[in-house]
Amino acid sequence: MVDVRSELLDRFRWVGGHADVWRLFYQGDLFARLSAALADPFRGDAITKVAGIEARGFILGSAVALELGAGFVAIRKNDGLFPGEKLSRLTPTDYRGVETRLRLQRESISPGDRVLLVDDWFETGSQALTAVSLIQEAGAELVGASVIVDQLPPGTGDRLGRYCSLVSHSDLPQSGTPSVG
C-alpha cells in the first residue's frame, strides 16, 4: 500500500468542531497517492465495480475505480435526480441520530460483479452496512471496503468483507467535537 498515513495525519484539521476531510483532495499529488492507497489492498481481487456513498464517496470511489480499471457505482442519498429502477433502504441512525435513505440504480450492479465500497469516514457503520445490503440485494459480491478514517464500533468492520482503513479515528489529533463536516 502507498504510505500516505503520516501525511494524512499532518494535514488533517478540525474546523469549527468538524473534520475537514475536503483538504485531503486539494493537492493532486496527495489525492493521487490517497486514491492509490485505498485501491492497493484490492488490486489482485478482480474488482469490477467500486461503489461510493454520496458525497465524498463519489469523489474517492471514482478515483479508486480508475485506479482499479473498474466501473463506478453511485449510492445516492434521499434527494437528487437518479433515473431508472432503484433499490432503496433506510439506514439505522447515524452518529448524528439521523436515518438516511440510500438508493442504488438497479442496472448499475449485476450478479457476478465484484464490488469494493469506498468512502472517507465510517463512524457508526449505518450507511456502510446499508450500502452493503443494497449491493448484495443486487446480486453482486462485496469483496470489501476501503476507507480513509475508521471510527467503527468493534466488530462492525467484520461485516464489510475485507476491511481496510488508512487511519483510525483514535490516531487523529483530537480537537473539538468529533464529527465529519
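1. A quick definition to start: a pocket here is an open set of grid points where a 1.4 Å probe fits, with protein on both sides within 12 Å along at least five of seven lines. Keep in mind that this is a predicted model. With that in hand, the largest pocket comes out at a volume of about 370 Å³.

2. Who lines it? The largest pocket has 22 lining residues, and those nearest its centre are E54, R56, K77, E123 and Q127. By class, the lining splits into eight nonpolar, six polar and eight charged residues.

3. As for where the lining comes from, β7 (114-122), α3 (56-68) and α4 (126-137) each put in at least two residues. The largest share belongs to β7, with four residues.

4. Stepping back to the fold, the protein chain has four helices and 10 strands. Walk along the sequence and you get α-β-β-α-β-α-β-β-β-β-α-β-β-β.

5. On overall dimensions, the C-alpha trace spans about 40 × 35 × 30 Å along its principal axes. The radius of gyration is 15 Å, which agrees with a compact globule, because a globule of 181 residues would come out near 16 Å.

6. Now for packing and surface. Of the 181 residues, 52% count as buried. Looking at contacts with a separation of 6 or more, 66% are between residues 24 or more positions apart. The protein chain exposes about 8100 Å², and carbon and sulfur atoms supply 50% of that area.

Note on methods
Residues numbered from 1 in each chain as written. Predicted model: local features only at pLDDT ≥ 70, side-chain atom pairs only at ≥ 80, totals over all residues. Heavy atoms only, no water. 1 Å grid on protein atoms, 1.4 Å probe; cavity = no way out; pocket = protein on both sides within 12 Å on 5 of 7 lines; lining within 4 Å. Points joined across faces, edges and corners; volume = space filled by probe spheres on them. Nonpolar A, V, L, I, M, F, W, Y, C, P; charged D, E, K, R; others polar. Rg over C-alpha atoms; globule rule 2.2 N^0.38 Å. Buried < 20%, exposed > 50% of the residue type's maximum accessible area, 1.4 Å probe, protein only. Contact = heavy atoms within 4.5 Å. Areas by Shrake-Rupley, 256 points an atom, 1.4 Å probe, with all protein chains shown as cover.
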